[in-house]
Amino acid sequence: MTRRHLLSIDDVDEGQIREILATAGEMHDVQHREVKKLPALRGRTVVNLFFEDSTRTRSSFEIAGKWLSADVINISAKGSSASKGESLRDTAMTVAAMGVDALVIRHSASGAAHQVSQWIDAAVINAGDGTHEHPTQALLDAYTLQRHHGDLAGRHIAIVGDLTHSRVVRSNLLCLTKLGARVTLVAPVTLMPSGIASWAAAEGFSVSSDLDEVLAGGVDAVMMLRVQKERMSGGYFPTPREYTIGYGLTRPRLDALVAANPEVAICHPGPMNRGLEISADAADAAQSLVLDQVSAGVAVRMSVLYHLLASGEPDRGYAA
Ligand code: NCD
């Protein structure tokens with residue numbers, strides 16, 4: 001039985017992260033070729049099974065699979081039998097029964113990818129499970145930042161925004177600290193996950209509710225997170241305007257950041273709420289790496305698919 005998955009950055013050690021990023025560097029060149037095809041996954045089938053909306057993640061997994069010559073099939077909950085009430089288990093087992101090699105899954109329930117990996121033989125890649133993890137996003141963020149700054153050891157990265165509902169922050173925290181970066185999480189107390197202080201103490205990162213103080217202390221990168229309105233059941237901040245005043249990457253904050261460090265990197269996983277957590281000026285600034293992140297997404301997902309599926313590589317997965 002194959003046991004080769006990417007479910008969490010927790011399962012990937014520093015050496016494996018560096019290997020994935022190095023392979024992504026080689027894969028990235030394909031993007032600039034006239035013929036964007038490598039034969040590595042010829043005859044392999046990858047299914048994208050998405051129960052939540054996605055623009056970047058789903059299409060970049062599709063492009064990544066296709067550029068590696070795999071057959072890629074997209075299934076979204078809308079338009080599948082999931083919308084008729086079929087359980088996740090039945091849907092996953094049905095797709096697996098067709099003989100797929102990898103299942104890329106996004107689901108609103110934390111732990112969904114892990115669950116599915118227990119039910120089927122195919123490699124399972126977590127493309128976002130609820131508020132838990134989004135490992136390929138963290139890998140592409142690390143790749144993007146590494147291309148910009150070189151080795152991330154000792155670099156200071158502030159991750160700002162809706163920490164409570166973000167799966168991106170969890171994966172990024174694990175990934176960036178494994179690469180030796182210094183991470184500070186910034187959010188209003190109402191958007192801090194419970195127990196964050198003990199988590200911070202255990203993992204060695206910092207936490208703050210004062211964005212201006214953190215930025216004034218000097219940062220190499222600031223990663224803005226989307227305010228995830230769809231996961232909010234109550235009022236986490238008084239008004240959007242107050243959120244922006246306290247935690248948005250506004251024009252004045254951008255100017256101060258760039259004045260202090262012209263090499264500062266501005267990241268956002270997308271989709272962006274322009275005018276809420278990030279101003280248009282910051283999103284489109286010369287220091288913005290938002291589109292580099294998208295481009296890196298294809299290369300990193302090619303690398304992950306390659307390491308999990310390429311023939312001749314026995315059990316290269318990161319979780320059993
Ligand atoms: C993120 C996600 O879906 O978790 N987006 C993405 O994959 N690019 C972040 C978000 O939705 O805010």
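Analyst: Happy to! The count comes to 12 salt bridges, where a salt bridge is a side-chain nitrogen of Lys or Arg within 4 Å of a carboxyl oxygen of Asp or Glu. Before the details, note that this is a predicted model, in which local features need pLDDT of at least 70 and side-chain atom pairs count only at pLDDT 80 or more, while totals for chains, interfaces and linings use all residues. Residues are numbered from 1 along each chain as its sequence is written, and side-chain values use heavy atoms, with hydrogens and water left out.

Let's start with a pair that spans much of the sequence. Arg 231 and Glu 52 join their side chains in a salt bridge, 3.0 Å from N to O. The partners are 179 residues apart: Arg 231 sits in the loop between β8 (221-224) and α9, and Glu 52 in the loop between β1 and α2. Helices (H or I, at least four residues) and strands (E, at least two) are DSSP runs, numbered from the N terminus. Glu 52 has a relative accessible area of 17% and is buried; buried means under 20%, exposed over 50%, and partly exposed in between (1.4 Å probe, protein chains only).

A second pair is Arg 155 with Asp 220, at 3.2 Å from N to O. Arg 155 is in the loop between α5 (135-149) and β5 (156-160) and Asp 220 is in the loop between α8 (211-216) and β8, so this bridge ties together parts 65 residues apart in sequence. Arg 155 is partly exposed at 25%, whereas Asp 220 is buried at 16%.

Arg 226 and Glu 230 form another salt bridge, with their closest N and O atoms 2.8 Å apart. Here Arg 226 is buried, at 18%, while Glu 230 is exposed, at 52%. There is also a network: Glu 14, Arg 18 and Asp 151 are joined by salt bridges that share partners. Within it, the side chains of Arg 18 and Asp 151 meet at 3.2 Å, N to O.

The domain assignment, which is automatic or taken from a database, gives domain 1 (2-134 + 294-316) and domain 2 (135-293). Between domain 1 and domain 2 there are three salt bridges. The interface also has 25 residue pairs in polar contact, both residues at pLDDT 80 or more. A polar contact is a pair of N or O atoms within 3.5 Å; within protein, one must be able to donate a hydrogen and the other to accept it, and residues adjacent in sequence count only if both atoms are side-chain atoms.

On the side of domain 1 that touches domain 2, the elements giving two or more residues are α1 (14-28), α2 (56-67), β3 (102-107), β4 (123-129) and α12 (290-309). Helix α1 gives the largest share, eight residues.

Finally, the extent of the interface. Contact (heavy atoms within 4.5 Å) involves 35 residues of domain 1 and 31 residues of domain 2. The two domains bury about 2,600 Å² between them, 60% of it on carbon and sulfur atoms; buried area is the accessible area (1.4 Å probe) that two parts lose on being put together, summed over both. Ile 9, Leu 21 and His 134 supply 25% of what domain 1 buries against domain 2, more than any other three residues.
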